[in-house]
Amino acid sequence: MLSGVYRFPPMESVIYGRPFAEAVKEQVEQSGATAVFLLASGTLARETGLVGQVRDALGNRLAGVHARIGAHTPRTDVVDASNAARAAGADLLLTLGGGSVTDAAKMVAFCLGNGVTDPTQLDDYRARVSADGKIVRPDSKPPTVRTVTIPTTLSAGEYTASAGCTDTARNVKESFSHPLMMPKNVILDPRATLHTPEWLFLSTGIRAVDHAVEDICSPHCQPISEGASYHALKLLGRGLLGAKADPLDLAARLDCQLGAWMSMVGSQTGVPKGASHGIGHVLGGTAHVPHGYTSCVMLPHVMRFNHPVNAERQALVSAALGRPGDPAAEVVSGLIAALGLPQRLRDVDVKPEQLDRIAELSMHDRWIHTNPRKIDGPPIVRELLDAAW
């Protein structure tokens with residue numbers, strides 16, 4: 001008999017379809033915050049008027065703007081932002097940008113709560129995953145400042161309580177977590193995504209597809225997350241193709257945003273992911289592959305590898321994407337191709353000499369050990385990498 005526990009996340013609201021400046025003003029006023037610290041994408045801050053809209057909406061409640069967060073959320077950038085937020089007396093964090101900025105705000109909240117003022121202090125708090133999958137998360141204090149997030153991509157990290165942060169000294173992306181790192185409010189406005197480069201919007205959409213696929217295909221999928229992930233794939237399948245056909249189609253972009261949200265219901269309640277996510281983390285932190293591209297190049301190959309053990313679950317993926325009866329890996333691969341996104345590791349500048357290290361480091365990612373089909377060592381990961389080469 002099916003049994004399990006669904007846990008509601010410590011998130012108050014997702015506001016969708018309204019102008020973001022109007023919605024953020026409302027949320028800030030309701031929170032009573034008087035010193036909002038904004039973390040923004042550098043490109044958005046330099047090249048668009050979106051930060052100006054936030055300034056106009058918040059007035060003297062805006063205590064500072066930080067727009068210097070690098071790709072994959074480097075430790076040094078995070079701690080610099082934390083120190084600036086502390087100096088500004090921040091009582092609420094706000095983000096405007098993609099996944100790296102979203103993760104940075106979670107890390108800033110963590111640093112503020114735990115007195116982190118130097119990057120090396122984060123060694124005391126990073127999760128440690130041994131090659132056999134055992135996870136050790138050191139104790140930490142809760143963040144004292146919460147976050148409101150305005151995402152401009154579809155990678156959907158705003159719906160989780162963990163963050164990836166890259167130690168650039170060792171060239172490794174590490175995981176940090178606390179329930180209250182999850183944003184308090186998320187504001188989905190498709191107009192805020194219009195400045196996002198097409199490749200970034202679409203590829204992070206495939207990242208959201210990856211969330212939904214690996215959730216549905218997990219042996220630990222839950223009833224509520226299966227329903228949400230199935231509908232996420234329906235929304236993402238049509239929304240991504242619609243945004244590709246007409247970049248100004250706000251309805252298609254909102255479909256994508258809603259799909260990305262729904263793709264994370266499983267992650268919020270603890271449904272484990274698989275090898276596409278596990279290898280993807282290492283491709284990002286070690287080989288510097290953009291977040292969305294990791295799913296474009298790995299997900300179909302992981303699905304083919306897993307098919308012998310979860311063919312019935314993969315059939316749900318094909319049906320949700322409008323091609324019932326077709327092999328799910330080919331359906332997903334076809335969607336990636338239709339969006340004009342890369343499908344091979346060589347196309348995203350991964351070098352052959354990096355593959356063994358990527359395979360070895362992947363064994364230290366927790367999602368490798370929850371893949372539906374057992375992966376018992378680096379040679380299996382290397383086979384997947386070779387298939388994707």
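This is a predicted model: local features need pLDDT of at least 70, side-chain atom pairs count only at pLDDT 80 or more; totals for chains, interfaces and linings use all residues.
Which residues line the second largest cavity?

Residues are numbered from 1 along each chain as its sequence is written, and side-chain values use heavy atoms, with hydrogens and water left out.

Rolling a probe the size of a water molecule over the atoms shows where empty space is left. A cavity here is a set of points, on a 1 Å grid over the protein atoms alone, where a 1.4 Å probe fits but cannot get out; lining residues have an atom within 4 Å of a point. Points are joined across faces, edges and corners, and the volume is the space filled by probe spheres set on them.

The count is two cavities of 30 Å³ or more.

Take the largest. Its volume is about 90 Å³. It has 17 lining residues, and the closest to its centre are Glu 214, Cys 217, Asn 306, Asn 310 and Pro 372. Two or more residues each come from α6 (198–216) and α11 (291–320). Helices are DSSP runs (H or I, at least four residues), numbered from the N terminus. α11 gives the most, six residues.

Now back to my opening. The second largest cavity has a volume of about 40 Å³. Its lining is Pro 151, Thr 153, Leu 154, Glu 158, Tyr 159, Leu 188, Gln 257, Ala 260 and Trp 261. Helix α8 (residues 250–262) provides the largest share, three residues.

Terms used
On a 1 Å grid over the protein atoms alone, a cavity is a set of points where a 1.4 Å probe fits but cannot get out, and a pocket is an open set with protein on both sides within 12 Å along at least five of seven lines; lining residues have an atom within 4 Å of a point.
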